[in-house]
Amino acid sequence: MAEEKQKVVIIGGGAAGLTAAYYLQKEIREKKLPIELKLIEASHRLGGKMQTVIRDGFTIERGPDSFLARKTSMIRLAQEVGMEGQLVHNSTGKSYVMVNEKLYSMPGGSIMGIPTEVGPFITTNLFSIPGKLRAAADFILPRSESGKDQSLGEFFRRRLGDEVVENLIEPLLSGIYAGDIDQMSLMATFPQFYEVEQKYRSLIIGMKKTKPAKSKQPVSKPQSKGAFLTFKTGLQSFAEAIEAKLDPNMILKGHRVEKICRVNGHYEIYLNNGETIEADSIIAGTPHKVTQGMFSDYHFFDPLKSVPSTSVATVAMAFPEEAIKNDINGTGFVVSRRSDYSITACTWTHKKWVHSAPKGKVLLRCYVGRAGDETIVDLSDDQIIKIVLDDLKKTMDITMNPDFSVVSRWKNSMPQYTVGHKQRLASILEHMEAELPGVFLAGASYGGVGVPDCIDQGEAAVQNVLEYLKNNR
């Protein structure tokens, strides 16, 4: 008699859910495991924020545009699904920060805005002399209280002073998380800065000592590869390549999970069309508020209700080269809150990613919306485009309207890891283990917002599921 199959359901087809589906299917096939797998996605497509527009020879990302090359799980998955041949490094170039309507070069040797070389820091006009002297206090200040979470803002202001934070660190860090650095958790976002401070006491000395050594290449050699990778065919093509490896019969799109209950040692998953699906184990690759809604009978998920999510929009604009009268040498700039700008950053995408625009064309990608300033995201496309163009014209002297624009809104899509995030999550996971055994979380709301972080979480969830099912056969 055939062994009865254990049922695993993955909810959410973003990067974490797709990864989990791919690796779990691989394990089932290779080890001939008696497991039945289903992937449920509320929308009509898989890939989450990995969305690409290909138009008139341009490759335009609606969501993330790349990932850090040192995060190898994404490269490994690309190799698994036959996409490694499409991987390309970014072109390196100068980047700038906009403060009080003026563009300043990023000081050389700064890592996330933290100076590691004194020379460029002393000579930059980005900070006043009192601001530079205040930052130098980092050399003598004591360490933070051991083990205590604090906001990024509190940590960096104490070490380097308000001016360095406002003019450099805040525009860089809030660009990654679209968050308020005075609310965001140091331990959940950049624990390495805390560890460096604990070990070396001075953040500047610690960052200098832990910085990778520069390779001693002859000057004639070409510039080193950029630190980021993307796919020539766009990130959506990566999601599609993963999906193409999945058994289409296991994928259920356009179905939303309303509720999940534990009944007699297994799970009942209630869908919005009235159907019920049974599962022995579940991977919830869903945003935190969706997860809380699905498990609303379990009150230990309630803290997720109050975790904020920021709304942002990206605006990509295609121009002929001659439209830009004042071209700036570099790959883009971030904007300090001390500037009267609506955009928070602008990437000269055609320079950063050579494949993204045809020859003789320009592709600019701007970001709007940040914590505490999200109303712009609700404006019409035309209004957003006008605001962004007005901002760009202050800097770049653009003489034409774009050939076309692509506005992408991401409503409540950027989860904020506020102070205490790790403790809250640990408490929820502890309750889940006791009351919802075999249910695991993965995704941007939990253990890292980048695509590779979601891939890592998807992989870890697969191992957790296999371990759980093995012990509960």
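This is a predicted model: local features need pLDDT of at least 70, side-chain atom pairs count only at pLDDT 80 or more; totals for chains, interfaces and linings use all residues.
1. Take Ile140 as a way in: you'll find Ile140 in the loop between helix 4 (129-136) and helix 5 (152-160). Ile140 counts as exposed because its relative accessibility is 69%, and the cut-off for that label is over 50%.

2. Now go inside. Nonpolar side chains tend to be buried together in soluble globular proteins. The largest nonpolar core here has 49 residues, and Phe231 and Phe238 are the ones with the most contacts inside it. Quite a few elements give two or more residues to this core: strand 1 (6-11), helix 1 (15-31), strand 2 (35-41), helix 2 (72-80), strand 11, helix 10 (235-245) and helix 15 (451-471).

3. What is Phe238 in contact with, leaving aside its neighbours within four places in sequence? The partners are Met50, Met74, Leu77, Ala78, Val81, Met83, Phe231 and Ile455. Besides this core there is a second, separate one of 32 residues, with Phe156, Ile169, Leu173 and Ile181 among them.

4. An open sheet of 3 strands runs in the order 5-11-6, with antiparallel pairing. Strand 5 (67-68) and strand 6 (87-89) stand at the edges with a single partner strand each, so one side of each has no neighbour in the sheet. Between strand 6 and strand 11 (residues 228-231) there are 3 bridges; if you want one to click on, Val88 has Thr230 in strand 11 as its bridge partner.

5. Strand 18 (residues 332-335) is worth a look too. Side chains in a regular strand alternate between the two faces of the sheet. Here Gly332 and Val334 point one way, Phe333 and Val335 point the other way, and all are buried. Strand 18 pairs with strand 7 (residues 95-99) in the parallel sense over 4 bridges, and with strand 19 (residues 343-348) in the antiparallel sense over 3 bridges.

6. Two backbone angles deserve a check. Met112 isn't a glycine, yet has a positive phi of about 55°. Met112 lies in the loop between strand 9 (110-111) and strand 10 (114-115), and is partly exposed, with a relative accessible area of 30%. Asn412, also not a glycine, has a positive phi near 45°. The place of Asn412 is in strand 21 (residues 404-415), where Asn412 is exposed because its relative accessible area is 53%, given that the label needs over 50%.

7. Last stop: Gln416, in the loop between strand 21 and helix 14 (421-435). Is Gln416 buried or exposed? Gln416 is buried, because a relative accessible area of 4% falls under the 20% cut-off. Not counting residues up to four places away in sequence, Gln416 touches Tyr177, Ala178, Gly179, Asp180, Met184, Val307, Pro308, Ser309 and Thr310. To get a sense of scale, Gln416 and Ile269 are 147 residues apart in sequence and 28 Å apart in space, C-alpha to C-alpha.

Notes
Residues are numbered from 1 along each chain as its sequence is written. Side-chain values use heavy atoms; hydrogens and water are left out. Two strands pair if DSSP finds at least two bridges between them. Buried means under 20% relative accessible area, exposed over 50%, partly exposed in between (1.4 Å probe, protein chains only). A nonpolar core is a set of buried Ala, Val, Leu, Ile, Met, Phe, Trp, Tyr and Cys residues joined through side-chain atoms within 4.5 Å. Contact means heavy atoms within 4.5 Å.
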